[in-house]
Amino acid sequence: MAETTLAPPEVQAETLLDSNELVLNMGPQHPSTHGVLRVILKLDGETVLGTDCVIGYLHRGVEKIAENRTFQQFAPYVDRMDYVAAVSNGLGYCMAVEKLLDVEVPPRAQAVRVILTELNRIASHLLWLGTHALDIGAITPVFLCFREREEVLKIFENYCGARLTTHAFRIGGLQYETYDTFEKECLDFCDLMEQKLKEYHDLLTGNRIWVRRTKGVGILNAADCKDYGVTGPLIRAAGVEWDLRKAQPYCGYENYDFDIPTAKTGDTFDRYMVRMEEMVQSCRIIRQAVDALPEGPIKGKVGKVIKPPPGEAYVSIEAPKGELGYYIVSDGSLNPYRVRVRPPSFVNLGALDKMCRGSLVADVVAIIGTIDIVLGEVDR
Amino acid sequence: MEQLLANPYVPPLILTAVIILVFPLIAGYIVLAERKVLADLQVRLGPMRVGPYGVLQPLADALKLMLKEDVIPSQSDKWIFWLAPVLSTFTALSAFAVLPLSDRFFVADVNIGILFILAMSSIGALGLILGGWSANSKYSLMGSLRAAAQMVSYEVPLGFATVTAIMCAGTLSMQGVIASQLERGVWGAFDNYGLMLIPTVLFIIAGTAETNRAPFDLPEAESELVAGFHTEYSGFRWALFFLAEYAAIVVISSLCVTLFFGGWLRPFPNVAALEMPLNTAFPAALFALIALGCSKGVFRQALVGFRLVMAALTGLFLLVAAAFALPAANELMIGLFWFGFKLAVMVYMFIWYRGTFPRFRYDQLMDVGWKWLIPISMFGLILNGVVQLFARG
């Protein structure tokens, strides 16, 4: 049939040999591949025998663009990678350039960065929760999650004028001072969030269908996580207490008191619980940061023209989806010589096949949801 | 006129024509109700643009679907592709023939009415299977395979629950079942010392699965199979499938209302003291309240046209409320009212499930069907049989 010619040659050859197998092309236009991910499924009835990810439908050559922009000019571009957690992307990039420049960021700027990044983590997790539930067939949580996410976006909008691709930080600190009601709005949001999380738990955690759909689905144990380089909530759900905010604190995270939620089995339900708990911990961090928000300057000693000395820097942060790393090489000119991003979505997506084998078609969408990918980041 | 109505063939024919003409409109408004109720559960407004509060949305949708291009995939089996939605709609609407809408409104009261409904809903599944298969698309094929497996599995507990109710009523005629409930003075659901609740609950669960509604909407699971068996359908053919789905919901709900909730009888039909409050005051007050709600809209709407629509609705509902206060009109409509009221509660429940539950997985669906529902329904049948044998002598 015409469809099989779309499959890569090796998949095609195998299907031609065995007539019991069905090759199903899922995506790039599919309601639950979270964008333009294309997964070629090899099925026996409803059982998945193997998967093959085809990526690159959203490739924009972001890393190459960096070579033709100055360091400041490139900063807004990173927001377009993981557009759901744009603030985290900006933080990682700014920290990498600051490391090249060897600039100290003032404490007030650091605290504001922490607040905004944690707010963004909650926003990102809310979007994950809504779409994940939608994939599993619960159509209501997505609207509730967007309702709360809206509050975060309002804070971003008040702070820097943008809601999604915020470009909130500048190299060396912040562009803008916080607005008058910033602290109050952040604290109000934390109160609201803790209250609404109960609502989500009522809707999903206690729901027998939800539990049956997620328990034991897409198990990825600690050893596999390490083999695949998987990070973030996925590795924590497998029982490894690995969070860069604790392991190699940056941005003053060592000053805040918070826990790393972990779970044991590493299935979809555990990842769900870990992310839900992470939202609580983020609220804790925001409260502490707002309470101890220091006064002072918001930008370090950075000139109008950013021209780092020749050298290289790698900085990685704990983005909502896992380890987000920026490797920047400077040749001493205005533009970076090379920027390489280590995107958590892309690396985590590598474990899809491992998680999907032997499960059912319905589990594939649940697993894509639980990995929490953003195609802008996968394809860059 | 009198002579014409006395002819035994004429009133059923008129009613048939009315059902065929009016049901698509009713289905459209059930869709609107579904969208509005879901919107309310999901902190949004739902359709608000076409007409005041979106009340004309179904008409706009119907017009759009009729004007759409008629796409038949080039690889499809054209005759079967054409036949499938027709078959689905035909069987779903045929089942209306035996629905006892009230004591005087029904097309036919056949002595195997319940069997007829079950047969029609089984043949309706064939439409889904053929539709998915003929489109020659993998998603459609998987959707239709799921539909086939689901229908077969859930017809068994549905059948057992129905058999229990039939055993309790002692007849297969729809009007007969209602008459038996009137005679015994208790709804089917609470008969046999409440033991009939077992088949009632099973019937509702299996009925949800039989109509492919959430959480059993696997044949059209949009997050997995895009749109399942009707992935390749569009325009009016798709609308026919949609119509069939909502017709099936109405039929299964009607069957449930008839078997277990007293059909067109008012609650407590044997308590004469409740005659006035339940049969006159309640419907009149209900429609008066709806009219009051609509009258608020007259002042809130900005556009003159929208105000007129709201005013017309207010008048219409006031008229209905007044009609229920008139004894002659009341007698004519009260059966229809109670049937419709119970039906609306059932349909609301279907919508509520959809807004609340995640979707089952294929193997779990089979698991629930074969390992739980079927044994429990058999147990319920035997238990009710034994109780009936000893209690009724």
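Modeller: Residues are numbered from 1 along each chain as its sequence is written, while chains are lettered from A and ligands numbered from 1 in the order in which they are written. Because the model is predicted, local features need pLDDT of at least 70 and side-chain atom pairs count only at pLDDT 80 or more, whereas totals for chains, interfaces and linings use all residues.

Colleague: Why is Val364(A) called buried?

Modeller: A residue is buried if 20 or more other C-beta atoms, placed from the backbone, lie within 10 Å of its own, exposed if 12 or fewer, and partly exposed in between. Val364(A) has 26 other C-beta atoms within 10 Å, and is therefore buried. By that criterion, 51% of the 380 residues of chain A count as buried.

Colleague: What does Val364(A) touch, not counting residues up to four places away in sequence?

Modeller: Two residues are in contact if their C-beta atoms, placed from the backbone, lie within 7 Å, and on this basis Val364(A) touches Val39(A), Leu41(A), Val48(A), Cys356(A) and Ser359(A). Val364(A) itself is found in helix α15, residues 361-371 of chain A, where a helix is a DSSP run of H or I with at least four residues, a strand is a run of E with at least two, and both are numbered from the N terminus. Chain A has 16 helices and eight strands.

Colleague: What makes chain A agree with a compact globule?

Modeller: The radius of gyration is taken over C-alpha atoms, and the globule rule is 2.2 Å times the number of residues to the power 0.38. With 380 residues the rule gives a value near 21 Å, and chain A has 21 Å, so the two agree.

Colleague: Which residues have the most contacts inside the largest nonpolar core?

Modeller: A nonpolar core is a set of buried Ala, Val, Leu, Ile, Met, Phe, Trp, Tyr and Cys residues joined through C-beta atoms within 7 Å. The largest such core has 200 residues, and those with the most contacts inside it are Val97(A), Ile115(A), Ala247(B) and Val251(B). Its largest share, 18 residues, comes from helix α10 (residues 235-260) of chain B. A second, separate core of nine residues includes Phe287(B), Val309(B), Met310(B) and Phe317(B).

Colleague: And what does Val97(A) touch, not counting residues up to four places away in sequence?

Modeller: Val97(A) touches Phe71(A), Ile171(A), Ile306(A), Pro308(A) and Ile328(A).
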